[in-house]
Amino acid sequence: MKYFLVPFMLLSFSIMAQDITDALRFSTQEINGTARYTAMGGAFGALGGDISAININPASSAVFLTNKFSGSVDFTSINNDSFYGNNSILSSTSETDFDLNQIGAVFVFETNNENAVFDKLTLGFSYNRTNTFDDELRFQGNNSESISDYFLNRAQGVPLDLLTPRSGESVAELYQFLGEDEGFGAQQAFLGYEAFLINAEDPLDSQNTSYLSNVFGNNFSQNYFEQTRGSSGKYTLNGGGQIGDRIHLGVNFNLHFLDYRRLTRLDEFNSELTGINDIFFDNELRTRGSGISLQVGGIFKVTEGWRLGFTYDTPTWMNISDELSQRLETVSASQDVAIVDPNVINIYPDYNFKTPGRVSLSTAYVFGVSGLLSFDYSYKDFSAMEFTSDGFDIQNQDITNLITGAATYNFGGEYRILNTSLRAGYFLQESPYNNKALLDDTVGYSFGLGFSLGNTTLDLSYQRMEQDRQNILYQTDFSQEAQVQSVFNNYMLTLTFDL
């Protein structure tokens, strides 16, 4: 199978560019890390002494007393219950994943110099997965709107001459030409016209710019399937230091990466005696990105037991690229089949995106060797996220109108019995939408166990998250949205030992 690489004009790309949902995907992260970190709900901003804690407060490395290494693997399951359209049917899907969650090390250097500002210096390296994108959704129901309207709306104003292949010109060649010279909307118009979803109002006029739908009726049975794959994460270079017995400071330099793949398929059926009865529309999107950010933080021992933490995360400046391929198939009432499969990968111009910064405040109380309680508060102004490349005015205005700031609350506790630690946590991530019907708060709780084996510790955790949201069908103009209830279960295993 041969593919063409299509360099798109920036103007054409802005028609199908990433929307708010994708912008939030770049800007949020899950509660991910070591089993001890996740078991305590991620409430480690004032504690330190954990490799994953460095990712939320770089001063955490300065709390370490000895060189440490940790690595974590996890098993994740995501279950979705979805409702869509009139007379909707409950659709349930599940997805599982086994992966490396984090790996890292901290090295401690005693200064042994009475005149030195820092009594101890630390150097840390780590990888931490920030999001898992492996998921599946399926919707089934009736809708008064047809997917044919998507193609019809993009065809209006496009000359018929552009949608008609020249003598000897293949579907792939015309699809490629339209992408390079006319834009994404003209490509969609061509798909619809070639698959007989739309007809020219005056088929004898090559300059015709008005089109009619070849799909009739007002009751359409629709099945929608969406499969996503990939992950995002960051590599962190950390430096920390301890001043006296009570002040710990640190800084992180982060390299971020994003690899996201989304396959969607919309099947539509109607029982009309004329026109098109069956439509199968496939889209496959690949998004890759990289970025940089900085973090500065401190942990202060107010008393021997009471600790305070502060962290500032700069925005993450990202460079992102997208690729898209499409396929459309139709079946008429007379059983004629039309397949439009250009086998073209549309490669769009890279664009830049800035995530919001974050401010975190933390407090914890350590009860000697018996246990501890910890609380973190962080805030992100999601309305400050921004597509910084030209051609994204509509998307940035949507962010301003629909998105707001949101806080995250993390609670955690640990109780030690000899060489065994019992842990529990809770967290609440507020929705960044002004209208929480679009995306509700994310609520999670967790439990865990830790076993100290001398210079080695083995930690286990279980984490559960719940979230309700509306899901807009990708690449359609439907006003009808799906209601999705998601449950996320994560099981973590971490091995930590002295170096």
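User: Is S461 buried or exposed, and what is its relative accessible area?

Analyst: This is a predicted model, and in it S461 belongs to strand β22, which covers residues 456-471. Apart from its neighbours within four places in sequence, S461 is in contact with A35, T38, A39, F447, G448, N490, Y491 and M492. Because the cut-off for buried is under 20%, S461 counts as buried, with a relative accessible area of 7%.

User: What distance separates the C-alpha atoms of S461 and S479?

Analyst: Along the chain, S461 and S479 are 18 residues apart. As a background for that pair, the C-alpha trace of the protein spans about 90 × 45 × 40 Å along its principal axes. The C-alpha atoms of S461 and S479 are separated by 41 Å.

User: Is T314 buried or exposed, and at what relative accessibility?

Analyst: T314 sits in the loop that lies between β11 (306-313) and β12. Its contacts, leaving aside neighbours within four places in sequence, are with S293, L294, P356 and G357. T314 counts as buried, since its relative accessibility is 16%.

User: Which residues of helix α4 are buried, and what covers them?

Analyst: Helix α4 runs over residues 148-155, and its buried residues are S148, Y150, F151, L152 and A155. After the helix comes G157, with a positive phi near 95°. The cover over the buried residues of α4 includes α7 (184-194), β6 (198-200), β7 (211-213), β10 (276-301) and β12 (317-332).

User: How is α4 oriented to α7, and what is the handedness of their crossing?

Analyst: The axes of α4 and α7 come within 8 Å and cross at roughly 125°, which means that α4 is oblique to α7. On the α4 side the contact is made by Y150, F151, R154 and A155, and on the α7 side by F184, G185, Q188, A189, L191 and G192. These residues of the contact divide into six nonpolar, three polar and one charged. As for handedness, the crossing of α4 and α7 is left-handed.

User: Which residues have the most contacts inside the largest nonpolar core?

Analyst: The largest nonpolar core has 42 residues, and α7 gives the largest share of this core, with five residues. Inside the largest core, the residues with the most contacts are I147, F151, Y211 and L328.

User: Which residues is L328 in contact with, leaving aside its neighbours within four places in sequence?

Analyst: L328 is among the residues with the most contacts inside the largest nonpolar core. Leaving aside neighbours within four places in sequence, L328 is in contact with F151, L191, G192, A195, L197, I279, F280, F281, A338, I339 and V340.

User: What is the phi of F196, and what is the phi of L418?

Analyst: Most residues other than glycine have a negative phi. F196, in the loop between α7 and β6, and L418, in the loop between β19 (405-417) and β20 (420-429), have positive values without being glycine. L418 counts as exposed, because its relative accessibility is 84%. Phi is near 65° for F196 and about 55° for L418.

Technical notes:
Residues numbered from 1 in each chain as written. Predicted model: local features only at pLDDT ≥ 70, side-chain atom pairs only at ≥ 80, totals over all residues. Heavy atoms only, no water. Buried < 20%, exposed > 50% of the residue type's maximum accessible area, 1.4 Å probe, protein only. Helix = DSSP H or I, 4+ residues; strand = E, 2+ residues; numbered from the N terminus. Contact = heavy atoms within 4.5 Å. Core = buried A, V, L, I, M, F, W, Y, C linked by side-chain atoms within 4.5 Å. Axes fitted to C-alpha atoms, helices over the stretch in contact; angles between N-to-C directions. Parallel < 35°, antiparallel > 145°, perpendicular 65-115°, else oblique. Left-handed = near helix turned anticlockwise from the far one by under 90°. Nonpolar A, V, L, I, M, F, W, Y, C, P; charged D, E, K, R; others polar.
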